[in-house]
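Please look over the sequence and the model before reading on.

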Amino acid sequence: MRPGKAAICVALAAGALLAPARADAASCAYTGSRDVLSTPAARIYYTPAWRPYSCYRITGRRVALDTFVDRFYAPRDAHLGQLRTTGRVLGFTWVDPGLPAVYVQSLDMRLARFRRRAIVAPSVSAEPSAVRVTDLVVRQSGAIAWVQQVEGETSVWRLDAGGRARLDAGEGIGTGSLSGVSATRVGWDHDGVARSAVLR
């Protein structure tokens, strides 16, 4: 082998030793944890102490999903609800019957950065059954849309760069009918008729 080629091989070998090892699925392992959702990109789980975490498999980065909720929640009583992933972005709900309230949030798992947060809570009733989020859509931008039922009213909401807005309301809304109809719109059914709105 010519000296030049030998030097290049040595340099490449040294670079391989110095380069950080790529994280794999094993980097998201946690002894005693329980899976809630597992995808090629992420693992969502509870620790043995019942704290919820996301772990982005490509980097092994973990984020506590109960960061922006009532810190005095009762483990196993408060819990994760809806879970959706779009690439590296997680959309999820945290259900806290003790308040009662449902937190609707999105998280960039790679950057460990929460993108959007909303709290859904009844204005009169203190019954946990008075508030539910039955469906959820999340975008790569962190924009979220959801169907909520609060004190008997069913409605569709969005939270994106334009702010929080109610898109529709009525008994005929399909509680599990949300869909990403395009890159910039979200759809749902109302009395069997398809409706949609901007979600970016």
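This is a predicted model: local features need pLDDT of at least 70, side-chain atom pairs count only at pLDDT 80 or more; totals for chains, interfaces and linings use all residues.

Q: Why is the pair R84 and D135 said to tie together parts that are apart in sequence?
A: R84 belongs to strand β5 (residues 79-86), while D135 belongs to strand β9 (residues 131-138). The two parts are therefore 51 residues apart in sequence.

Q: Why is D135 called buried?
A: The term applies under 20% relative accessible area. D135 has a value of 5%, and is therefore buried.

Q: Why is R84 called partly exposed?
A: Partly exposed covers values between the limit of 20% for buried and that of 50% for exposed. R84 has 29% relative accessibility, so the residue counts as partly exposed.

Q: How do you know that D108 forms a salt bridge with R88?
A: The closest N and O atoms of D108 and R88 are 2.9 Å apart, and the definition asks for a distance within 4 Å. This pair also links distant parts of the chain, 20 residues apart, with D108 in strand β7 (residues 101-108) and R88 in the loop between β5 and β6.

Q: Is D108 buried or exposed, and why?
A: D108 has 5% relative accessibility and therefore counts as buried, since the cut-off is under 20%. R88, at 25%, counts as partly exposed.

Q: Which residues do salt bridges that share partners join into one network?
A: The network consists of R51, D66 and R71. Within this group, the side chains of D66 and R71 meet in a salt bridge at 4.0 Å, N to O. D66 is at 0% relative accessibility and so counts as buried, whereas R71, at 47%, counts as partly exposed.

Q: How many salt bridges does the structure hold?
A: The structure holds 8 salt bridges.

Q: What makes β5 and β8 edge strands of the open sheet?
A: The sheet has 4 strands in the order β5-β6-β7-β8, with antiparallel pairing. β5 and β8 each have a single partner strand, so one side of each is left without a neighbour in the sheet. The twist averages 15° from one strand to the next.

Q: How do you know that β5 and β6 pair?
A: Pairing requires at least two bridges between the strands. β5 and β6 are joined over 6 bridges, in the antiparallel sense.

Definitions and conventions
Residues are numbered from 1 along each chain as its sequence is written. Side-chain values use heavy atoms; hydrogens and water are left out. Buried means under 20% relative accessible area, exposed over 50%, partly exposed in between (1.4 Å probe, protein chains only). Axes are lines fitted to C-alpha atoms, for helices over the stretch in contact, and angles run from 0 to 180 degrees between N-to-C directions.
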